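Please load the model in your viewer and keep the selection panel at hand. The tour below moves from one selection to the next and says what is to be found at each stop.

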Amino acid sequence: MALSRRALLRSGAAVALGWLGAGGRVARAAGTQARVVIVGGGFGGATCARYLRQLDPSVEVTLIEREPRYLSCPLSNLVLVGERTLDAQAHGYGGLRALGVRVLFDTVTEIDPVARRVRTAGGTQLDCDRLVLAPGIELRFDAIAGYDAAAAQQLPHAWHAGEQTLLLQRQLAAMPDNGVVLISVPAEPYRCPPGPYERASLIADWMRTQRPRGKLLILDAKDSFTKQALFQSAWQTLYPGLIEWVRGSDGGAVERVDAAARTLYPGFGFNEHRGDVVNVIPPQRAGAIAQRADLSDASGWCPVDQLSFESLRHAGVYVIGDAAIAGKMPKSAFSANSQAKVCAAALLCALHGQALPEPSYANTCYSLVARHYGISVSAVYRLQQGRIEPVAGAGGTSPLEAPSAVRAQEAAYAEGWYASIMADSFG
Amino acid sequence: MRYRPFSLAVLGASLLAPAHAAGVAQPGDLRAFVLAASCAACHGPDGHSPGAIPSLAGKSARFIEFAMQEYKSGASAGTVMNRIARGYSDDEIRLIAARLGRREEVR
Ligand SMILES: Cc1cc2nc3c(=O)[nH]c(=O)nc-3n(C[C@H](O)[C@H](O)[C@H](O)COP(=O)(O)OP(=O)(O)OC[C@H]3O[C@@H](n4cnc5c(N)ncnc54)[C@H](O)[C@@H]3O)c2cc1C
């Protein structure tokens, strides 16, 4: 769905801000355009590119993305149980190109954050005035003993959509009648806090009819989780006895795996668990390129100014999305999209020498507890004493008691949200 | 900085001219832009929702403000908007509505 120039004008963004037209251009020394390079074309990077171009078409925006086809994670839990195809998760970059974004399919291998210079595997070198990184996450293959990239071929994580999603889907389809599914969940922070529980729910929904003698065990490093009361009461109603959740202090924190034996070992004093299908969601950190570029700290994530998303380690470089430390915001597609807009406005203000506006951020995470049973958690965020905090008295979860029509409507909205955010992020 | 300082005169001059030329006046500033930008994630770019979530495009500013206030007060139940509307002040709701809504209704 490409935005025409008229539609852009209609959207009024650039117009209202006065950044359109020769007079308002950001001029570089020799009258050339200001250049922004964005590394990573997921929800964060794509949204940032779109809004930069909408707010100020005079800025040259280059987006560098490894994959010509973006496979998105939201709704990918439906792919696992055959309710959606992987192709339905795919999005191209034509919409961004139509807005005048230069899209380069290549892998960024080196970044000089001081010179703001980027090098790619394909041999391209780009200098820019402002650099934005939105590389998503790197799965840590050094955190759980025995769980490395090779082990993930047997015990899939399926935490990047793609081959891993299909692998887990095939394993589920091949599972015996009385099969046991194990899902190992890391401590926070990780991508998509409710994702593992949505996954457990949808697998249980499938098992209820396809493998009614099976069991599903969630081994959790945490002692509580988001929307817990809603998930657990729905599990009791919809899948009584099927899902068991083991919290961290009861032996849920997996420390070691034996991939060949499909066995997970919690710490000393707790029983190991063997599964027929084993999904290990390992701990994570900022996408590898952010670390190579010296943008992450000891936590593995990137500290940024909470108003502009400019790195606290290197001026003129911005980090958004999962890779960034963004106060209380969860690592979600919605958050990445919201941060990208605040960042685009802040970046342009910096280029134009204008004061930054007071930011406003939002997040809503829908989860499907069954195909037509949706729940959500939502928050509006503000900057309070330099930190991104949810506005008190607002947000929260769906009500614990609600008629099934409300759950069905939230399930429909989960898919509606997906359609909207794809259009808003990728065009 | 090697950028030319951004002049307020330019901002003023270009603020409304092209919008009027296109026949659609767009009020608002960067603050309104940032506030209203959050809505697009669910309601679609420019309020054009391609899926199940209601579009805001074509709605009047007055309607959007009224609906937000109804959610905020609890007069409308909603699924998620009641929780979200409480996150905004009356002023912010007015800015959002003015930014997203049809302008002729604001006056
Ligand atoms: C199962 C599951 C379900 C989810 N459901 C939801 C949901 O319902 N709602 C929600 O809001 N969120 C959901 N999420 C979370 C969401 O997918 C992420 O939070 C979101 O993708 C983060 O966006 P990002 O831009 O930071 O990273 P990504 O979307 O991962 O994008 C990063 C991009 O950078 C590229 N890249 C990385 N390194 C390089 C390099 N060196 N050179 C070139 N390109 C590079 C990658 O190829 C990738 O395309 C879910 C996640 C999972 C796993």
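Begin by selecting helix H2 (residues 30-37) of chain B, where eight of the eight residues are buried, so this helix is largely enclosed by the rest of the structure. Buried here means under 20% relative accessible area, with exposed meaning over 50% and partly exposed in between, for a 1.4 Å probe and protein chains only. Helices (H or I, at least four residues) and strands (E, at least two) are DSSP runs, numbered from the N terminus. Among the buried residues of H2(B) are Leu30(B), Arg31(B), Phe33(B) and Ala37(B).

Before going further, note that this is a predicted model, in which local features need pLDDT of at least 70 and side-chain atom pairs count only at pLDDT 80 or more, while totals for chains, interfaces and linings use all residues. Residues are numbered from 1 along each chain as its sequence is written, chains are lettered from A and ligands numbered from 1 in the order in which they are written, and side-chain values use heavy atoms, with hydrogens and water left out.

Now widen the selection to the whole of chain B, whose secondary structure comes to six helices and zero strands. Buried residues make up 46% of its 107 residues, and of the contacts in chain B with a separation of 6 or more, 54% are between residues 24 or more positions apart. Contact means heavy atoms within 4.5 Å.

Which residues have the most contacts inside the largest nonpolar core? They are Leu133(A), Leu216(A) and Trp235(A), in a core of 138 residues. Such a core is a set of buried Ala, Val, Leu, Ile, Met, Phe, Trp, Tyr and Cys residues joined through side-chain atoms within 4.5 Å. Helix H10 (residues 333-352) of chain A gives the largest share of this core, 12 residues, and the core draws at least three residues from each of domain 1 and domain 2 of chain A. Select Trp235(A) and show its surroundings: not counting residues up to four places away in sequence, Trp235(A) touches residues including Tyr197(A), Phe225(A), Trp245(A) and Val369(A).

A second, separate core of 15 residues includes Val246(A), Val254(A), Val257(A) and Val278(A). Of these, pick Val254(A), which lies in strand S14 (residues 254-258) of chain A and counts as buried at 12% relative accessibility. Beyond four places in sequence, Val254(A) touches Ile144(A), Ser184(A), Leu219(A), Leu264(A), Tyr265(A) and Pro266(A). Stay with Tyr265(A), since the charged end of Arg256(A) sits over its ring, 3.9 Å from the ring centre; a charge sits over a ring if NZ of Lys or CZ of Arg is within 6 Å of the ring centre and within 35 degrees of the ring normal.

For the aromatic residues, turn to Phe43(A) and Phe426(A). The structure holds 15 aromatic pairs over all chains. In this one, the ring centres of Phe43(A) and Phe426(A) are 5.9 Å apart and the planes are at 80 degrees, so the pair is edge-to-face. Rings of Phe, Tyr and Trp (its six-membered ring) pair if their centres lie within 6.5 Å, with planes under 30 degrees apart counted as stacked, over 60 as edge-to-face and the rest as tilted. Phe43(A) in helix H3 (residues 43-55) and Phe426(A) in helix H11 (residues 404-426) are 383 residues apart, and the pair links distant parts of chain A.

Finish with the backbone of chain A. Glu188(A) and Pro189(A) are joined by a cis peptide bond, with omega about 0 degrees, and Pro189(A) is found in the loop between strand S11 (180-185) and helix H7 (195-210). Phe309(A), although not a glycine, has a positive phi of about 70 degrees. Is Phe309(A) buried or exposed? Phe309(A) is buried, with a relative accessible area of 0%.

Key:
Domain bounds come from an automatic or database domain assignment.
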